[in-house]
Amino acid sequence: MALNPDFVGRSYPPGAPYLVGREKVREFSEALGITEPVSLDVDAAQSRGYSDVVAPPTFAVRLVMAAAESVALDPDLGLDYSRVVHGDQRFEYSRPIVAGDELLSHVTIDGIRSVAGNDMITTRTDISTTDGEHVVTSYTVLVARGTDSETA
Amino acid sequence: MNRVDVGYEIPSRDFRITRETLVRYAGASGDFNVIHWNERIAHEVGLPDVIAHGMLTMGMAIQVVTDWCEDPSALVDYGCRFTRPVVVPDDGVGATLHVSGTVTAVDDNIATVSLKAMCADVSVLGKAIARVRVG
């Protein structure tokens, strides 16, 4: 099913701020097999000049996927979310996310296209602190697989 | 970190991915998509077995870069394409992800690292590229 092209350029106001928790950063780091003390130990992080434990580079996905999902589930867009897979992902960093950050995610739909029967939607998520400091921007491509295509 | 030359191969690393890894990552990331833990559904949608979260693979792969540059603030950008699934059988062994990286460019104190993520001799990430501040 073709996606509604009117959605390109549409942006969405951020929801409530996401407060980055110290234990969440540790849990996420451990789940990735990270042993780097700066992500696990407050003293180690502070001795390196950070106010608290430093989140791994892909931590922002927690915010990105929640934001992308709210867009993808908009019935007017016409995306069948049960067929959606993550096609590609890119992050541009101003600085690492640190426990204690209160973050807002601004989502914009950058592009919609159809390739070989698959619908693809590119979202851009600008993540900044509640004080307006830019932290990271994410570009996410979600692919809704056509019913006759191979699994990616 | 010190200057680095084009062609330098950063230290590679192996990651073991078992069903336990997937369960832990699901909880930590909030991604509870059933294809990452439910064999029955994975088969129903045409997958050979449960597969790892793409973002788990992406998050593991970048560690060869962050371990090498030892400075969390050095990373400028990082992106990849999820080209092939990492299949994780429930056989007590799981899957092994082998990640290596090569410096392909150095411009204005920014090194471009091209990453290779292999699982069972198959490349699972495409265009996996990270740029880091060096020098």
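Visitor: What makes β3 of chain A and β2(B) a pair of strands?

Guide: Two strands pair if DSSP finds at least two bridges between them. Five bridges join β3(A), residues 84–93, to β2(B). That meets the cut-off, and the two strands run antiparallel. Strands here are DSSP runs of E with at least two residues, helices are runs of H or I with at least four, and both are numbered from the N terminus. This is a predicted model, where local features need pLDDT of at least 70, side-chain atom pairs count only at pLDDT 80 or more, and totals for chains, interfaces and linings use all residues. Residues are numbered from 1 along each chain as its sequence is written, while chains are lettered from A and ligands numbered from 1 in the order in which they are written.

Visitor: Which residue of β2(B) is the bridge partner of Gln89(A)?

Guide: Cys80(B) is that partner. Glu92(A) stands opposite Asp77(B), also in β2(B).

Visitor: How do you know that β3(A) pairs with β6 of chain A?

Guide: Nine bridges join β3(A) to β6(A), residues 134–144. Pairing asks for at least two. These strands run antiparallel as well. Val85(A) has Val143(A) as its bridge partner in β6(A).

Visitor: Why are α1(A) and α1(B) called roughly antiparallel?

Guide: Their angle is about 150°. Angles under 35 degrees count as roughly parallel, over 145 as roughly antiparallel, 65 to 115 as roughly perpendicular and the rest as oblique. So α1(A) and α1(B) are roughly antiparallel. Their axes lie 9 Å apart. Axes are lines fitted to C-alpha atoms over the stretch in contact, and angles run from 0 to 180 degrees between N-to-C directions.

Visitor: Which residues of α1(A) meet α1(B)?

Guide: Glu27(A), Phe28(A) and Ala31(A) do. They meet Arg24(B), Tyr25(B), Ala28(B) and Ser29(B). Contact requires C-beta atoms, placed from the backbone, within 7 Å.

Visitor: How many residues of chain B are in contact with chain A?

Guide: 27 residues of chain B are in contact with 27 residues of chain A. The largest share of chain B's side, eight residues, comes from β2(B).

Visitor: Why is Asp71(B) called partly exposed?

Guide: Asp71(B) has 15 C-beta neighbours inside 10 Å. A residue is buried if 20 or more other C-beta atoms lie within 10 Å of its own, exposed if 12 or fewer, and partly exposed in between. Asp71(B) therefore counts as partly exposed. Asp71(B) is found in the loop between α4 and β2 of chain B.

Methods:
Contact = placed C-beta atoms within 7 Å.
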